Amino acid sequence: MKNEQVYYFEESIEALASRLIRFETTNAERVNQSAEYCCDWLLSHGVHVDVYENQGLKSVVATVGEGESTLILNGHLDVVPGQPELFHPRIVDGRLYGRGSYDMLGAVAAMMMLMAELVQAPPNCKVILALVPDEETGGELGSGFLVQQGVLGDLVICGEPTNFKIGVHAKGILQLKVEVKGKAAHGSRPWLGTNAILKAMEHYHSIVSLDVFQESTTYFKQPSINLAKIEAGKVYNQVPDLCTMGIDIRYLPGQNPEEILDQIRALLPDAEIEVPFRGVPVETKSDDKFVRKLCEVAQELAGDHAVLFGQDGSADTRFYAAKGIPAVEFGPVGANHHGPDEYVEISSLYVYKDILEKLTKNSKTKDE
């Protein structure tokens with residue numbers, strides 16, 4: 001390696017996860033250092049590894065086994081920023097604390113350990129471990145890029161924090177930039193103008209009241225809509241003549257984002273509306289045979305925790321879902337991801353690895 005760091009290869013999941021936490025993967029340089037470490041670790045354990053680089057960010061793709069079916073294990077190496085002490089992992093009462101322990105470096109470490117073990121006891125299918133650099137900032141340069149390169153499978157498991165629940169659905173993303181115009185006037189005579197901020201707020205409440213935001217599905221009570229940004233006004237003594245809202249909509253699987261957008265545009269004919277970001281929903285079928293196998297194994301080894309649910313947020317599962325590939329979020333037990341007391345239950349990391357290992361033994365062919 002070209003890094004000045006000395007690399008050593010831990011042989012317990014918690015030790016490996018602790019090492020990954022210490023990389024403090026909050027920028028491209030540190031993420032790439034972590035990717036290089038993972039690459040070296042996997043190679044040292046006899047795992048075949050390919051490294052993909054896209055716009056300066058490295059993704060690690062490791063492969064073990066062969067067969068008619070392919071299981072993809074997807075994990076992200078990047079984490080959200082935090083105070084320096086959060087990158088000094090500690091173990092207390094069977095819990096590993098530290099930034100990314102739960103989201104999702106604990107799962108990554110378990111997946112890596114599994115790959116090393118599968119080299120010695122080959123699975124009944126091909127297993128691909130995809131370690132990506134940018135899930136927390138959108139995922140397009142990592143998982144999105146790998147999907148474009150043809151790194152595909154029959155079932156994708158993203159090791160997001162789920163406490164052994166299996167996320168089969170996830171909401172889609174529709175982010176809007178809404179520009180509302182008013183009329184400027186002196187601040188002492190607001191009745192002579194049209195306050196763009198107040199007008200924008202009226203528009204926002206009109207959007208929220210649309211029937212589409214009251215709909216529900218098996219896994220979701222309703223879509224969500226968040227007024228995320230407001231930009232308006234220059235000085236105190238002037239009625240603002242322009243207000244820009246940033247609105248984050250998470251729509252339900254089965255809903256049509258174009259219809260939602262058409263309804264909003266019809267409701268606000270005097271506003272300029274742009275769509276800076278979209279993300280497709282995930283609607284993996286609960287009766288998919290690979291999902292059923294995961295449920296069976298998870299229930300056997302993790303008990304009643306293994307239930308199906310819908311994820312309010314978005315993950316890299318959406319890139320695979322867009323290709324029609326069954327993708328789920330499924331990870332170990334912990335709490336407080338993105339918070340100051342983030343932790344993962346160490347015992348759950350070993351159960352997690354065992355679940356994934358047993359799944360590889362039960363995945364023989366596409367047509368069984």
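Author: Let's start with a cut-off: buried means under 20% relative accessible area, exposed means over 50%, and partly exposed is in between (1.4 Å probe, protein chains only). This is a predicted model, where local features need pLDDT of at least 70 and side-chain atom pairs count only at pLDDT 80 or more, while totals for chains, interfaces and linings use all residues. Residues are numbered from 1 along each chain as its sequence is written, and side-chain values use heavy atoms, with hydrogens and water left out.

Reader: Is Thr-360 buried or exposed?
Author: Thr-360 sits in helix H9 (residues 346–361); helices (H or I, at least four residues) and strands (E, at least two) are DSSP runs numbered from the N terminus. Contact means heavy atoms within 4.5 Å, and, not counting residues up to four places away in sequence, Thr-360 touches Leu-71, Leu-118, Pro-123, Asn-124, Cys-125 and Val-127. With a relative accessibility of 0%, Thr-360 counts as buried.

Reader: How do H1 and H2 lie relative to each other?
Author: Axes are lines fitted to C-alpha atoms, for helices over the stretch in contact, and angles run from 0 to 180 degrees between N-to-C directions. Here the axes of H1 and helix H2 (residues 28–44) come within 10 Å and cross at roughly 150°. Angles under 35 degrees count as roughly parallel, over 145 as roughly antiparallel, 65 to 115 as roughly perpendicular and the rest as oblique. H1 and H2 are therefore roughly antiparallel.

Reader: And how do H1 and H3 lie relative to each other?
Author: Helix H1 (residues 13–22) packs against helix H3 (residues 101–120) at about 130°, their axes 8 Å apart. That makes the pair oblique.

Reader: How many charged residues are in the contact of H1 with H3?
Author: H1 brings Ile-13, Leu-16, Ala-17, Leu-20 and Ile-21, and H3 brings a set including Leu-105, Gly-106, Met-112 and Met-113. Ala, Val, Leu, Ile, Met, Phe, Trp, Tyr, Cys and Pro count as nonpolar, Asp, Glu, Lys and Arg as charged, and the others, Gly among them, as polar. The contact divides into eleven nonpolar residues, two polar and, for charged, none.

Reader: Which peptide bond is cis?
Author: As a rule, most peptide bonds are trans. Met-104 is in helix H3. The cis bond, with omega near -10°, runs from Asp-103 to Met-104.

Reader: What is the phi of Glu-24?
Author: Most residues other than glycine have a negative phi. Glu-24 lies in the loop between H1 and H2, and counts as partly exposed at 24% relative accessibility. Though not a glycine, Glu-24 has a positive phi, about 50°.

Reader: What is the phi of His-338?
Author: His-338 is in the loop between strand E16 (334–335) and strand E17 (343–345). At 40% relative accessibility, His-338 counts as partly exposed. His-338 is not a glycine either, yet its phi is positive at about 75°.
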